[in-house]
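Okay, everyone, thanks for coming.

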Amino acid sequence: MPDNRRSRSVGIGRAHGKAILLGEHAVLYGAPALALPVPQLAVTASAGWSSHAPADAGDVSFTMTGSASGPVVTQAADGLQRLVTEFKKTTGVAECPHLDVIVDCAIPSGRGLGSSAACGRAVILAVAQLFGRELDADAVFDLVQTAENVAHGKASGVDVVATGASFPLQFTAETVRELRMGAVGEGFVIIADSGEFGSTKDAVELLRGGFQRVPGSQETFVRRASKLTRTAVGDLADGRVDDFGKRLTDYHELLSTAGLSTGRIDALVDAALAAGSPGAKITGGGLGGCMIALAREPEQGREITRRLHAAGASQTWAVPLGRFASHAP
């Protein structure tokens with residue numbers, strides 16, 4: 001029988017993309033990380049009841065629209081199916097009619113921009129609304145994080161939180177707080193897609209394997225990453241855009257030395273720096289995906305973007321940093 005506590009015919013959930021500024025990989029070993037929400041990369045999920053379910057669809061059918069490709073749709077739908085099942089178990093939902101869920105995702109998959117976490121967050125919020133369930137932030141995190149751990153191996157949790165945040169975040173140990181943004185003027189971050197599909201799970205395993213082979217390498221990596229990220233926090237708080245840019249480039253060199261970059265990503269970083277960017281780096285898990293470049297003002301940003309496309313970027317997005325300055329404590 002349907003759950004008699006459901007109160008709506010349609011539930012809606014929303015989330016968005018994110019970009020890691022600093023702290024990739026090292027955050028899994030206790031180092032801090034900084035994340036930037038990317039609101040223009042939006043995900044909307046709608047969940048409703050269906051009396052015409054396909055025979056082999058299980059409890060829920062998913063329709064994926066937006067940036068996802070065919071194979072990714074199948075993989076994502078499998079993960080989201082498990083997520084809905086876990087939601088029902090966690091909230092005590094009884095048998096119900098078949099669910100139809102439509103996920104409209106503007107985040108390209110395998111690019112380190114949080115597509116899986118954002119889709120999971122949007123779906124959970126949509127299904128919870130459909131069933132009339134109130135989920136607090138911890139419950140949403142636990143559900144989506146479980147799915148992320150299946151998809152990526154050990155997940156840091158950064159993506160799950162950042163895809164629902166409206167301001168930049170600083171992750172330290174097990175705490176999350178708002179990242180202070182000083183007077184950054186007209187500065188913004190340009191995100192460029194290399195067109196290469198990256199695998200966070202493979203990147204995590206590659207780095208872990210390197211640490212196991214070389215004694216002391218893990219400690220050296222984490223110590224350097226922590227210093228760069230903590231210094232960058234002060235740079236942003238004081239509005240030192242150029243100094244912050246240097247931390248980005250230094251962190252890229254750290255990840256590249258660890259084997260997590262690619263020739264195409266390195267070419268994009270070089271193109272941005274040649275165009276005058278104060279700093280540029282790979283973002284996300286690596287082995288493909290996206291890079292980010294800092295721009296001081298719009299005219300410089302246009303030139304950096306032009307050079308990035310000339311160097312092979314398949315698409316770009318710009319996130320103004322000034323929109324977050326008013327959130328500083």
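So, aromatic pairs: how many does the structure hold? There are 4 of them in this model, which is a predicted one. Let's take Trp-49 with Phe-131. Their ring centres sit 5.2 Å apart and the ring planes are at 90°, so we call this pair edge-to-face. The cut-off for that label is over 60 degrees between the planes.

Now, where do these two rings come from? Trp-49 is in strand β2, residues 33-50, while Phe-131 belongs to helix α2, residues 115-131, so the pair ties together parts that are 82 residues apart in sequence. And are the two residues buried or exposed? Trp-49 is partly exposed, at a relative accessible area of 22%. Phe-131 is buried, with 0%. Remember that buried means under 20%.

There's also an aromatic cluster to find on your screens: Tyr-29, Phe-211 and Phe-221 form it together.

Keep Phe-221 in mind, because it turns up again in the contact between α6 and α7. Helix α6 covers residues 217-237 and helix α7 covers residues 241-257. They pack with their axes 9 Å apart, at an angle of about 165°. What does that angle tell us about their directions? Angles over 145 degrees count as roughly antiparallel, and α6 and α7 are therefore roughly antiparallel to each other. The crossing of α6 past α7 is left-handed.

Which residues meet there? On the α6 side, you can look for Phe-221, Leu-228 and Leu-236, among others. On the α7 side, they include Phe-244, Tyr-251 and Leu-254. But charged residues take part too: Arg-224 and Asp-235 are among those in α6, and Asp-243, Arg-247 and Asp-250 are among those in α7. Altogether, the residues of this contact divide into 9 nonpolar, 2 polar and 5 charged.

Let's go back to helix α2 for a moment, where we also find Arg-121. What does Arg-121 touch, if we leave aside its neighbours within four places in sequence? Its contacts are Arg-14, Ala-15, Val-140, Val-144, Val-160, Val-161, Thr-163 and Gly-164. As for Leu-80, that residue is 41 residues from Arg-121 in sequence, and their C-alpha atoms are 9.9 Å apart in space.

Which residues have a positive phi although they are not glycines? One is His-25, with a phi of about 65°. His-25 lies in the loop between β1, residues 10-22, and β2, and counts as buried at 7% relative accessibility. Another is Leu-287, where phi is about 60°. Look for Leu-287 in the loop between β8, residues 280-283, and β9, residues 290-295. Leu-287 counts as partly exposed, at 27% relative accessibility.

Okay, zooming out to finish. The protein chain has 9 helices and 10 strands. Of its 329 residues, 51% count as buried. And if you take contacts between residues at least 6 apart in sequence, 77% of them join residues at least 24 apart.

Definitions and conventions
Residues numbered from 1 in each chain as written. Predicted model: local features only at pLDDT ≥ 70, side-chain atom pairs only at ≥ 80, totals over all residues. Heavy atoms only, no water. Phe/Tyr/Trp six-rings, centres within 6.5 Å; stacked < 30°, edge-to-face > 60°. Helix = DSSP H or I, 4+ residues; strand = E, 2+ residues; numbered from the N terminus. Buried < 20%, exposed > 50% of the residue type's maximum accessible area, 1.4 Å probe, protein only. Axes fitted to C-alpha atoms, helices over the stretch in contact; angles between N-to-C directions. Parallel < 35°, antiparallel > 145°, perpendicular 65-115°, else oblique. Left-handed = near helix turned anticlockwise from the far one by under 90°. Contact = heavy atoms within 4.5 Å.
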